[in-house]
Protein chains: 2
Amino acid sequence: MAVHQLNLSQAFKIKYRNLPMNKFTRYLLIIIILFSLPFKILAKDGYELWQQYQLVENQQALNTYRSAISEIVFHGNSATIEIAKKELAMGLKGLLGKSPAMSTSVSKAGALLIGTLQSSDISPVKFDKTIQSKIETLGDEGYIIVSEKLRGKQVTIIAANSDVGVLYGVFHFLRLIQTEASLKNLDIVSVPKLKNRILNHWDNLDRTVERGYAGFSLWDWHKLPDYIDQRYIDYARANASIGINGTVLTNVNANALILTEDYLVKVKALADVFRPYGLKVYLTARFSAPIEVGGLKTADPLSEEVQNWWKEKATEIYSHIPDFGGFLVKANSEGQPGPQNYGRSHADGANMLADAVADHGGIIMWRAFVYEDDVPDDRHKQAYSEFKPLDGKFRKNVMVQVKNGAIDFQPREPFHPLFGAMDETPLMMEFQITQEYLGQGTHLAFLAPMYQEVLEADTYAKGEGSTVAETFDGTLFNHELTGIAGVTNIGTDRNWTSHHFGQANWYTFGRLAWDHSLTSEEIATEWIKMTFTTDEAFVTPVKDMMMDSHEAVVNYMTPLGLHHLMGWSHHYGPAPWIKDRHRADWTSVYYHQADSAGIGFDRTATGSNAVAQYFPPVSEKFSNLETCPEKFLLWFHHLPWDYKMESGNTLWDELCYKYDEGVKVVQKMQQTWDGMEKHVDSERFNHVKTFLKIQEKDAITWRDACLLYFQTHSNRPFPEGVEKPAKSLEYYMNLDPKYVPGI
Amino acid sequence: MAVHQLNLSQAFKIKYRNLPMNKFTRYLLIIIILFSLPFKILAKDGYELWQQYQLVENQQALNTYRSAISEIVFHGNSATIEIAKKELAMGLKGLLGKSPAMSTSVSKAGALLIGTLQSSDISPVKFDKTIQSKIETLGDEGYIIVSEKLRGKQVTIIAANSDVGVLYGVFHFLRLIQTEASLKNLDIVSVPKLKNRILNHWDNLDRTVERGYAGFSLWDWHKLPDYIDQRYIDYARANASIGINGTVLTNVNANALILTEDYLVKVKALADVFRPYGLKVYLTARFSAPIEVGGLKTADPLSEEVQNWWKEKATEIYSHIPDFGGFLVKANSEGQPGPQNYGRSHADGANMLADAVADHGGIIMWRAFVYEDDVPDDRHKQAYSEFKPLDGKFRKNVMVQVKNGAIDFQPREPFHPLFGAMDETPLMMEFQITQEYLGQGTHLAFLAPMYQEVLEADTYAKGEGSTVAETFDGTLFNHELTGIAGVTNIGTDRNWTSHHFGQANWYTFGRLAWDHSLTSEEIATEWIKMTFTTDEAFVTPVKDMMMDSHEAVVNYMTPLGLHHLMGWSHHYGPAPWIKDRHRADWTSVYYHQADSAGIGFDRTATGSNAVAQYFPPVSEKFSNLETCPEKFLLWFHHLPWDYKMESGNTLWDELCYKYDEGVKVVQKMQQTWDGMEKHVDSERFNHVKTFLKIQEKDAITWRDACLLYFQTHSNRPFPEGVEKPAKSLEYYMNLDPKYVPGI
């Protein structure tokens, strides 16, 4: 019902810039459009995500596309194929202004020929050798998009071994047009590098979302299974468009109720909606469920009645959802029950569940995010210490899900030492898409560069060039079972992710899960063109803004390897002063170790020696001040305030400059965005502008609060050029935001 | 991002049925529309409420309107006037396909002349005597819409004493067209019958909503004051369109934090958005706030420091919000603190707050919904017993807010005996719009007939014809201060109210608050035409369905005066078996009193004698079995199962028939709706269809659970024609829905 001033010329420009026509038609057209369109139409609330399907802006490209696609020949008739057909028709109608005619067989050059490789018309095609050889690698989800000659006619073929592969191919084809790529001599063979590309929803049954900052849970459990919200369908569609093929519906801090019949029929309803989009449903398994909803006295994984309870539960689940994906488990971590409550190992727990779902084709994702409640040692070391010895002890259908870093989704962490350390166990990467420690719902932080930094890091597990990505994509240790998980930033907010640019992180996760060799720039460019406009005057500056954004957040929050300086419980805003809590490793002082002598956490041999968990060349690199990257300096080293940095500055001065730089980059981002007003609809422009204002305010808070606090230890003045804090340390220490979302 | 099959002929029909044009233009037009519109456009998600502004469907009416409105002459330039201008332009563009030209002064016949009565052009108009006399009654919010001759030209004048009056007039004028009413010889003078028309949001600061079933709170406190959600604007606009002029943002079970500076700046941001729409902001005052956020030792209303604390707090609030409306208070009720904690009366408490806001023009709305924690007596009597003696003891700026009935928003209650009983105190009616006891977010229950039944009930306070409405609209006791409150059903759901027909209850509240003499049929017809279509083939059957809906809910839940049979805490579903709780009047058996002898709560002289609180003729009518309406029979009487009803049936048989009738009417509603498919967009059609299916399932649950339970007392068989329960009483008693919203 949004009221929007209608700007005729703007309306005309936005939608009709490129239609060829004489003055009269043009005039008639404006009149008609203005008289017929609801006024909201010029406003974009972001609900359509990267699937805007706006008329191709470049006239030449538009003409080329229109003439290049003469007809559509679609084979197959499954629910998935119907979705692909509808998507293609809708996409082309939006992008080209019209959808080419559907035909039962190729009748002219320029036909789009779509279906499985077994389809009549496609199966007889004589693909050349290179294509042929690639086709053999397609598997269940891969697809080809190739230009071919069929009975003397030039056609474009989108084909796969499966219907969902066809759907993925159609989305790729639409993306080519959305990004104004050429359709000439297409030679695309796309196969996902990872088998399981899964979203993790930390959604509770009361619809609150742990670490969710975009409203509440999409899952309206109360109205399920009867009422199917349109959002469920649009959610599946968005995920399919970027190749996400699984979703864990519930929080890792699990509630056993989800495993009761009352809820399983609700889960089934969602699974039925998601299935044709290639999206499998998973649940989190509360380890103590046999007691809580099963009425047993124990949840001991070696107890036969417990094992049988889980077997029967699995059978019950699969009777509702034949393609149920399996369980994600957080056990013996942060108060969650687990096998250790019974003196058993994580392997014992994981294997019991694995046996329960194995016959049904299910998998277990067992999280490595664990640490002793009685803080025996640097938390950095605990996942490795507990899981490394279990290597080889897990069933074939178990994956150990490891966070990108060893602490907990900090703005920047070095890669987790478990990657490469467990040859015999398939590991699964767990990234956080929701910005728990990265400004939550209101800060612009494009996370592709952060993901990339980890994926490309060299573990040296099998000598130089053993990247983190290769340790879990199956290439390094030849595992069949591979996967990646992303903790979602999705909620009930109209634009799904609170910040319009949060959509880019959802998009990035899907794209990297499919192909981790994509560069951040490629992903940003794709997303911008699909979400806003292909106009270079917008694409380039906005892409640059996105590329700088994560580093900016790192700088105004935790530069030079600092970490865990955030507020208590809500994690919103700075609190480097937090100390004296019931466990040291939940305080900030434990992590920054600042005193009059210096700052930083010594994880070398003279300290916790966590660095020893990395392979020699890496551990040496991090241990040695000469070779330790400065972005990780205070992560691994405790150094004097006067320590000389590469820049020549003292550590204290450098710290001040970094914090200040973080703020300045946000201010630069604001200028960039302000210059984009004419390229974007007013609703999204103002939304982002407001959020950047909030981000600037928060960035200043982070910089000033942290510097004022650290200054009480360094006893040094702020260097030249660093803006002096306007408020006192006391002011910041007294800030106490209430009801911060996502707790 | 909803995917909708595009149906060309449908697209054409819906939007272009009525444009006159030759074949070519028509063809060109279809092509253009199809090539330019996003496909979502045919789908309606209900966000636009009753402000759809679709092209007038009746061609003749459309032509008449187009020729009747030649130009728009708008006087004034306040923010409110700008909103009125924009609304009129947008509305007419949608309804007529084009918006008439704006002109600075009347240049031709058919001009729309709009502004305050003081505006040049309007002030010199010589209105005829009858109009003139009516104009004197307009006050601050009333308006006129009249056909006049101005300098020999026929014009339509929309005028008022204030800008907001003009805005109301514009909304009324648009409604005339939306409902396809005639614009000839207009002679409309509209003045609200009540001064304060206020929504009560039971919204908590964590965004949960007590008894809210449409998602979560609209108020995103965390992002306020920086981020202004478009929904705040659309909310204000919708309220202004139906004359609602106040909103209490927070739950009556209050949180003192809202009174802290951190939150007041957020409240101010909302007040600034709402102000130009004539919507005042109010807050709930936690009586113990002086202790909780003021650091005082007491909240005793007779303590000077407490009085001063509230005075200073009021001054602080008004420094942010100069037109702050005042406080709503729930005190000494259901565990809320209040003056009785200090041995003071409700008047002492209310007056202290009244004095704090009096100089600023604020009011206090003090709720009469109270009952002793130690259950001394029939709850029906307690509000009356406590407040009647306080009549005359309240300050001039205090209103006592009384629920429509004496218990608690039951599906049907006789009017509250306090209405008419407090001559010297302005009372405020409190209706519940949210369906706490009426099927919550998924049952279709049009509440106008329920409101009407209460408003038109005769209290006999000043002899026959002293309707409830007149006891609080100022006519009966000549109070200046008048008002009505509605506990909202609004939340973050895309369609605002969970059920599309829940929108009708929001609409109804606004319309009745303005003019309680409107009939339910008039309101239903208006709403249907504005929300769906003016096609009689839809309007009549859907109106009939709505008119039957509330009675149906009463019948399948609590027929013949039964009440309080619902589930524990969540109030979702039946639980007549609830007993043995820590207070008797929170159980079901306390209210239905069913035993082998009979059923019903004796409130006559032989029982609690609550009936004595009504004026004699009413008390006699309710006491006497000959005259007590059967719809209230078991509310006032305990009767044997074999008691003879007017129908000739025994009470037991009649009870069975009533429950069964409730279900049958729901099934009839389903048939009616199924027949409407061609008249309504698929998204809303299917949404309502699904909800009616849920309602049928729940209605059967209510009928069968209650009858099976009561049968254990009556020991009588179900009569002929009543469907036999498919499930057992045990089955229903074991139902235990989890995480029901709104708790």
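A:Ser498 is buried, with a relative accessible area of 2%. In this predicted model, A:Ser498 belongs to the loop that runs between strand S14 (483–487) and H15 of chain A, and its phi is positive, at about 70°, although the residue is not a glycine. This deserves a remark for the reader new to backbone geometry, since most residues other than glycine have a negative phi, and most peptide bonds are trans. A positive phi, of about 50°, is also found at B:Glu334, which is likewise not a glycine. B:Glu334 sits in the loop between strand S10 (326–329) and helix H11 (346–358) of chain B, and because its relative accessibility is 33%, B:Glu334 counts as partly exposed.

The packing of helices was examined next. Two packed helices are described by the angle between their axes and the distance between the axes. For helix H6 (residues 163–178) and helix H7 (residues 230–241) of chain A, the angle is about 75° and the axes are 9 Å apart; H6(A) and H7(A) are therefore roughly perpendicular to each other, as angles of 65 to 115 degrees are classed in this way. On the side of H6(A), the contact is made by A:Leu167, A:Tyr168, A:Phe171 and A:Arg175, which meet A:Arg237, A:Ala240 and A:Ser241 of H7(A). Of the residues in this contact between H6(A) and H7(A), four are nonpolar, one is polar and two are charged.

In chain A, too, the axes of helix H10 (residues 304–320) and helix H11 (residues 346–358) come within 8 Å and cross at roughly 40°, which makes H10(A) oblique to H11(A). The crossing in which H10(A) passes H11(A) is right-handed. From H10(A), the residues A:Val306, A:Gln307, A:Trp310, A:Lys311, A:Ala314 and A:Tyr318 take part, and they meet A:Met352, A:Leu353, A:Asp355, A:Ala356 and A:Val357 in H11(A). The contact of H10(A) with H11(A) is made up of eight nonpolar residues, one polar residue and two charged residues.

In chain B, helix H7 (residues 230–241) and helix H8 (residues 261–274) have axes that come within 9 Å and cross at roughly 50°, and H7(B) and H8(B) are therefore oblique to each other. H7(B) passes H8(B) in a right-handed crossing, with B:Tyr232, B:Ile233, B:Tyr235 and B:Ala236 of H7(B) meeting B:Leu270, B:Val273 and B:Phe274 of H8(B). The residues of this contact between H7(B) and H8(B) comprise seven that are nonpolar, none that is polar and none that is charged.

Helix H13 (residues 448–455) of chain A is mostly covered, with seven of its eight residues buried, among them A:Met450, A:Tyr451 and A:Leu455. The elements that cover the buried residues of H13(A) include strand S13 (427–432), helix H14 (468–472), helix H15 (502–514), helix H16 (520–531) and helix H17 (536–557) of chain A.

A:Arg367, which is found in strand S11 (residues 363–367) of chain A, has a relative accessibility of 2% and therefore counts as buried, the limit being under 20%. The side chain of A:Arg367 makes a polar contact, at 2.7 Å, with the side chain of A:Glu430. When neighbours within four places in sequence are left aside, the residues in contact with A:Arg367 include A:Trp202, A:Phe387, A:Gln401, A:Lys403 and A:Glu430.

In chain B, B:Tyr384 of helix H12 (residues 379–387) is also buried, with a relative accessible area of 17%. Apart from neighbours within four places in sequence, B:Tyr384 is in contact with B:Pro389, B:His416, B:Pro417, B:Leu418, B:Ala421 and B:Gln613. B:Tyr384 and B:Ile157, by contrast, are 227 residues apart in sequence and 48 Å apart in space, C-alpha to C-alpha.

Conventions. Residues are numbered from 1 along each chain as its sequence is written. Chains are lettered from A and ligands numbered from 1 in the order in which they are written. This is a predicted model: local features need pLDDT of at least 70, side-chain atom pairs count only at pLDDT 80 or more; totals for chains, interfaces and linings use all residues. Side-chain values use heavy atoms; hydrogens and water are left out. Axes are lines fitted to C-alpha atoms, for helices over the stretch in contact, and angles run from 0 to 180 degrees between N-to-C directions. Helices (H or I, at least four residues) and strands (E, at least two) are DSSP runs, numbered from the N terminus. Angles under 35 degrees count as roughly parallel, over 145 as roughly antiparallel, 65 to 115 as roughly perpendicular and the rest as oblique. A crossing is left-handed if the near helix is turned anticlockwise from the far one by less than a right angle, and right-handed if clockwise. Contact means heavy atoms within 4.5 Å. Ala, Val, Leu, Ile, Met, Phe, Trp, Tyr, Cys and Pro count as nonpolar, Asp, Glu, Lys and Arg as charged, and the others, Gly among them, as polar. Buried means under 20% relative accessible area, exposed over 50%, partly exposed in between (1.4 Å probe, protein chains only). A polar contact is a pair of N or O atoms within 3.5 Å; within protein, one must be able to donate a hydrogen and the other to accept it, and residues adjacent in sequence count only if both atoms are side-chain atoms.
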